[in-house]
Amino acid sequence: AETMNNSWGFNITDDHYKSAAGLIRYVVRAAGMNANFLLNVGPMPNGEIQPEFVERLAEIGNWTKQYGQSIYGTRGGPLPAGPWGVTTQRGSTVYVHVLDCNQPLLALGGIPRTVRSAKLLRDGSSVEVSVVKGGLVLKLPEAQPEEVDRVIELELEPAK
């Protein structure tokens with residue numbers, strides 16, 4: 001569970017609002033660790049939601065319109081969370097959520113089956129994959145300005 005600022009209920013003096021990007025990262029990391037995530041929104045005394053909260057919820061909604069398939073209905077992926085990010089998985093599809101990596105390459109060990117294809121979820125462009133001993137290496141596309149999560153969709157050989 002997390003709050004949008006530092007208060008669990010309405011607090012007129014608490015203006016320490018978390019960014020939408022930071023809140024999205026909480027959601028993604030929770031999904032990658034097989035956890036549920038509760039985002040608390042404390043209404044004002046008149047029952048309305050603060051404009052700052054509405055703005056952040058709209059931004060999270062816009063992100064999920066584009067990337068929701070990488071978290072909705074998934075489980076934590078085959079790789080443990082790392083400083084770079086997390087993985088989620090649904091069936092033979094693994095989503096690599098690159099949250100914090102400024103390097104051009106990302107080495108991943110422990111992918112359970114052969115990768116049939118790799119693409120960037122934001123635009124469907126192909127991502128270069130090299131198979132190495134003990135795993136694979138992704139050549140990361142450059143992050144877009146203000147991009148919260150570079151999501152790479154790996155389609156694996158079906159399980160037998």
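**View 1. A hairpin made by strand 4 and strand 5**. Here strand 4 and strand 5 form a hairpin, with 2 residues between them. Look for Gly91 in the turn: its phi is positive, about 60°. Strands here are DSSP runs of E with at least two residues, numbered from the N terminus. This is a predicted model, where local features need pLDDT of at least 70, side-chain atom pairs count only at pLDDT 80 or more, and totals for chains, interfaces and linings use all residues. Residues are numbered from 1 along each chain as its sequence is written, and side-chain values use heavy atoms, with hydrogens and water left out.

**View 2. The partners of strand 4**. Strand 4 pairs with strand 5 (residues 93-98) in the antiparallel sense, over 6 bridges. Two strands count as paired if DSSP finds at least two bridges between them. Gly85 has Val98 in strand 5 as its bridge partner. Strand 3 (residues 75-76) is also antiparallel to strand 4, joined by 2 bridges, and Gly76 sits opposite Thr88. Because 5 of the 6 residues of strand 4 (residues 85-90) are buried, the strand is largely enclosed by the rest of the structure. Buried means under 20% relative accessible area (1.4 Å probe, protein chains only).

**View 3. Val96 in the largest nonpolar core**. A nonpolar core is a set of buried Ala, Val, Leu, Ile, Met, Phe, Trp, Tyr and Cys residues joined through side-chain atoms within 4.5 Å. Leaving aside residues up to four places away in sequence, Val96 touches residues including Trp84, Leu106 and Arg150 (contact means heavy atoms within 4.5 Å).

Definitions and conventions:
Buried < 20%, exposed > 50% of the residue type's maximum accessible area, 1.4 Å probe, protein only. Helix = DSSP H or I, 4+ residues; strand = E, 2+ residues; numbered from the N terminus.
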